[in-house]
Amino acid sequence: MKIAVLPGDGIGPEVTHEAVRVLEALGLPGLELTAAPVGGAAYKASGHPLPAETLAIAKAADAILFGAVGDPDCDGLERSLRPEQAILGLRKELGLFANLRPAKLFKGLEDASALRPEVSSAIDLLIVRELNGDVYFGEKGIRTLPDGRRQGWDMMAYAEDEVRRIAHVGFRAAIGRRNKLCSVDKANVLETSQLWRDVVIEVSADYPEVELSHMYVDNAAMQLVRNPGQFDVMVTGNLFGDILSDQASMCVGSIGLLASASLSEGTQGLYEPIHGSAPDIAGKGLANPMATVLSAAMLLRHSFGLEGEAARIEAAVARALADGARGADLGGSLGTVAIADAILERL
Ligand code: IPM
Ligand code: MG
C-alpha cells in the first residue's frame with residue numbers, strides 16, 4: 001500500500017498529520033507512507049509548487065493523501081507558480097477526472113448546519129464533479145483590446161468523451177445509492193452546457209434504472225438550501241462542482257467535515273479535504289482534521305477496496321461527533337489533536 005502524503009500549506013500539514021495517525025492506528029500490513037512537499041511550501045523550498053520529485057512520488061503511489069494548497073505569500077506570483085497549480089497539475093497529470101464529494105448530515109449536528117434542522121437532517125447527497133476540463137483548463141489570459149481596455153478571458157469547453165466518462169461515473173454512483181441522478185448545467189445560456197446535457201441524455205440509455213433529471217446551476221444552488229433532501233447524486237462540471245460543493249458543506253455544518261476522492265480510470269486516487277489551507281488559523285492547532293480523516297477512509301475504500309476499514313473510520317468520526325467532540329468550526333472548543341484523539345479512542 002504505497003501512499004504519497006502531500007501535506008501542502010496552511011492547515012494542510014496539521015490535518016494530514018492526524019489523518020496519518022488514524023491510518024497507522026489500523027495496523028494495515030504493507031502500509032508505506034512517503035511524504036513530499038507541494039504548493040507554496042514546495043515553491044518556497046525549491047522554486048516550484050509541484051516539483052518533479054513530488055510528481056514522481058505521486059505517480060508511483062497507489063494513492064495520494066493531500067492536505068491543502070494556498071499561501072497568501074504566493075498570491076503575487078505568476079499563475080503557473082502559484083500553489084493552486086500543484087493540485088490542478090496533479091489532477092491533470094494523473095488523469096484524476098472524477099471527483100466524489102459526499103455530503104451527509106452527521107447525527108447530532110442538526111444545530112450546526114446553516115439550515116433549519118428539519119431541512120438539514122435530510123441531506124445525504126454525492127456531488128460528482130468533473131475535474132480535468134471546463135474553464136479550469138481552457139486557454140486563458142489577460143489581453144488589451146484595440147481601444148486600450150484590458151480584458152480577462154477564460155475558455156470554457158467540454159469534449160463529448162469528457163462528458164461521457166464523468167456521466168458514467170455519476171450513473172454508476174447513483175446505482176449504488178438511491179438511483180437518482182441530477183445533472184447540473186447552464187444549458188439555457190452556455191453551448192458547453194447544451195452539449196453536456198445532450199451527452200448525459202445519450203449516456204442515460206445505458207442506465208434505465210436511474211431516474212435522470214436536469215437542473216440549471218442557479219436553481220441547483222437555490223434547491224440545495226431550500227430542499228437538499230431531494231438530491232441523491234449530482235453530476236456537474238468542474239466550475240459548478242467547485243462552487244456547489246462548498247455550498248453543500250455549510251448545509252451539513254462545516255467545511256471541516258467534507259472529504260473528497262479524485263479518481264482516474266484505474267484504482268489510483270487522490271484524497272483531500274475540500275477545504276483550503278485556511279491561512280488565518282494555520283499553525284494554531286485549531287483546524288478540524290475530520291475532513292482529512294474521512295478522506296483517508298475514502299482512500300481505503302476506493303484505492304484499496306478496504307470497505308470494512310473505511311467504514312470503521314467513518315463510524316469513529318460519527319461517534320465522536322455524536323459524543324460532542326467539536327472544534328471551533330462547529331461551535332466547540334477541541335483543537336486539532338484532541339479531535340483526532342477522540343476519533344482514535346472510538347476507533
Ligand atoms: C477545490 C479547490 C481547488 C479547486 C483550488 C484550490 C484550485 O477549491 O478543490 O475545490 O478550485 O478545484
Ligand atoms: Mg473549491
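A polar contact, as the term is used in these legends, is a pair of N or O atoms within 3.5 Å. The model shown in every view is a predicted one.

**View 1**
Let's start at the ligand. The side chain of arginine 101 places an N or O atom 2.8 Å from an oxygen atom of ligand 1, which means that the pair falls within the 3.5 Å cut-off. For arginine 129, the distance from a side-chain N or O atom to an oxygen atom of ligand 1 is 2.8 Å. In the case of tyrosine 136, a side-chain N or O atom sits 2.5 Å from an oxygen atom of the ligand. On its own, ligand 1 would expose 320 Å², and the protein buries 79% of that area.

**View 2. The shell around ligand 1.**
Which residues are around ligand 1? They are Glu84, Arg91, Arg101, Arg129, Tyr136 and Asp242.

**View 3. Two domains in one chain.**
Domain 1 is built from residues 1-96 together with 265-347, while domain 2 covers 114-251. Their C-alpha centres are 25 Å apart.

**View 4. The surface buried between domain 1 and domain 2.**
How many residues of each domain are in contact with the other? Domain 1 contributes seven residues, and domain 2 contributes nine. About 780 Å² is buried between the two domains, with carbon and sulfur atoms giving 57% of that area. On the side of domain 1, the residues that lose the most area to domain 2 are Arg91, Lys92 and Ile274, which together account for 56% of what that side buries.

**View 5. Salt bridge and polar contacts between the domains.**
Here is a closer look at the pairs that link the two domains. One salt bridge is found across the interface of domain 1 and domain 2. The side chains of arginine 165 and glutamate 265 form a salt bridge, with 3.4 Å from N to O. Four residue pairs are in polar contact across the domain interface. Where domain 1 touches domain 2, its residues comprise three charged, three nonpolar and one polar.

How values were computed
Residues numbered from 1 in each chain as written. Chains lettered and ligands numbered in written order. Predicted model: local features only at pLDDT ≥ 70, side-chain atom pairs only at ≥ 80, totals over all residues. Heavy atoms only, no water. Domains from an automatic or database assignment. Contact = heavy atoms within 4.5 Å. Buried area = accessible area lost by both parts, 1.4 Å probe. Salt bridge = Lys/Arg side-chain N within 4 Å of Asp/Glu carboxyl O. Polar contact = N/O pair within 3.5 Å; in protein donor to acceptor, adjacent residues only side chain to side chain. Nonpolar A, V, L, I, M, F, W, Y, C, P; charged D, E, K, R; others polar. Near = heavy atom within 4 Å. Areas by Shrake-Rupley, 256 points an atom, 1.4 Å probe, with all protein chains shown as cover.
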